[in-house]
Amino acid sequence: MISSSGTSYRKKWNSSSAVAELAFRLSVICSNSPFGFSLILTTILLIFVFEYGNSNSLYEAMYGTVYLRDIVYQELLRRGYNVTVGKTGDKEIDFVCHKRDEKLHIQVTYLLASEETVQREFGVYDTIRDNFPKYVVSLYEFDMSRNGIKHRNIRDFLLAEEWN
């Protein structure tokens, strides 16, 4: 059984170097996109970063997951979802998203580089027995989908017309 912790996901950054790091990571994400999209996406996301102000989470900034979560979070809000953090047992689901009759579960990670990471990100869904879509989103290019849980590259996820 999944429960919503009622916690709205919103993270603040406290370091100007984190903004520079995000700009670099965005250029990597957008590097294979058409020029127009790359420029627009980078501009929108940098505006979002500056709106948040500066932060002090440099340790997390080095791993990129924080940035990817914030990018996915903003896209979910843009598409009209109500976004909360979910709990299932002692595990946490990054995003539980609701919009009318739709519901999505989304885990976000930087890379699926080790079996431990794959198990952690996909394993959070082991106890959830509903039929709503479940995603793991990362920078990893290869499809790692398993057991009905869809893996998507961040670029493909953001550009998808709909998620189902």
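Trainee: What does the chain average in pLDDT?
Mentor: This is a predicted model, and the chain averages a pLDDT of 76, with 62% of the residues scoring at least 70.

Trainee: Where is the pLDDT below 50?
Mentor: Over residues 11-16 the pLDDT is below 50, and that stretch has 26 contacts in the model beyond near neighbours in sequence. Residues 51-62 also stay under 50.

Trainee: How many contacts does the model have for residues 51-62?
Mentor: The model has 31 of them beyond four places in sequence. Where pLDDT is low, the predicted coordinates should not be read in detail.

Trainee: OK, on to the fold. What does the secondary structure come to?
Mentor: Six helices and six strands. Starting at the N terminus, the order is β-α-α-α-α-β-β-β-α-β-β-α.

Trainee: And how much of the chain counts as buried?
Mentor: 46% of the 164 residues. The chain exposes about 9,000 Å², and carbon and sulfur atoms supply 54% of that area. Taking contacts between residues at least 6 apart in sequence, 60% join residues at least 24 apart.

Trainee: Which residues touch the most other members in the largest nonpolar core?
Mentor: V72, L76, F95, I106 and V137, out of 18 residues in that core. At least two core residues come from each of α4 (65-78), β3 (91-99), β4 (102-108), β5 (134-138) and α6 (154-159).

Trainee: Which element gives the most to this core?
Mentor: That's α4, with five residues. Take V72: leaving aside residues up to four places away in sequence, V72 touches F95, I106, V108, V137, I154 and F157.

Trainee: What other core lies apart from it?
Mentor: There's one of eleven residues, including V124, Y125, I128 and M144.

Trainee: Let's switch to the strands. How do β2 and β3 run?
Mentor: Antiparallel, with six bridges joining β2 (residues 82-88) to β3.

Trainee: In what sense do β3 and β4 pair?
Mentor: They pair in the antiparallel sense, over five bridges. They form a hairpin too, with two residues between them.

Trainee: Which residue in that turn has a positive phi?
Mentor: R100, at about 50°, although R100 is not a glycine. Most residues other than glycine have a negative phi.

Trainee: Is R100 buried or exposed?
Mentor: R100 counts as exposed because its relative accessibility is 75%. N147 also has a positive phi of about 50° without being a glycine. N147 sits in the loop between β5 and β6, and with a relative accessible area of 75% N147 is exposed.

Trainee: Back in β4, what is the bridge partner of V96?
Mentor: H105. That residue lies in strand β4.

Trainee: Why does H105 count as buried?
Mentor: Because the relative accessible area of H105 is 0%, and buried means under 20%. H105 and Y125 are 20 residues apart in sequence, with their C-alphas 8.7 Å apart in space.

Trainee: New topic: which residues of α5 are buried?
Mentor: T117, V118, E121, F122 and G123. The cover over the buried residues of α5 includes β3, β4, β5 and β6 (150-153).

Trainee: Then where does T127 lie?
Mentor: In the loop between α5 (115-123) and β5. T127 counts as partly exposed, because its relative accessibility is 44%.

Trainee: What joins the side chains of T127 and T88?
Mentor: A polar contact of 2.5 Å. T127 and T88 are 39 residues apart in sequence, and 7.2 Å apart in space from C-alpha to C-alpha.

Trainee: And R129, where does that one lie?
Mentor: R129 is in the loop between α5 and β5. R129 counts as exposed, at 71% relative accessibility.

Trainee: What lies 3.0 Å from a polar atom of the R129 side chain?
Mentor: The backbone oxygen of D126.

Conventions: Residues are numbered from 1 along each chain as its sequence is written. This is a predicted model: local features need pLDDT of at least 70, side-chain atom pairs count only at pLDDT 80 or more; totals for chains, interfaces and linings use all residues. Side-chain values use heavy atoms; hydrogens and water are left out. A nonpolar core is a set of buried Ala, Val, Leu, Ile, Met, Phe, Trp, Tyr and Cys residues joined through side-chain atoms within 4.5 Å. Buried means under 20% relative accessible area, exposed over 50%, partly exposed in between (1.4 Å probe, protein chains only). Helices (H or I, at least four residues) and strands (E, at least two) are DSSP runs, numbered from the N terminus. Contact means heavy atoms within 4.5 Å. Accessible areas come from the Shrake-Rupley method with a 1.4 Å probe; for residues, only the protein chains shown count as cover. A polar contact is a pair of N or O atoms within 3.5 Å; within protein, one must be able to donate a hydrogen and the other to accept it, and residues adjacent in sequence count only if both atoms are side-chain atoms. pLDDT is the predictor's confidence in each residue, from 0 to 100. Two strands pair if DSSP finds at least two bridges between them.
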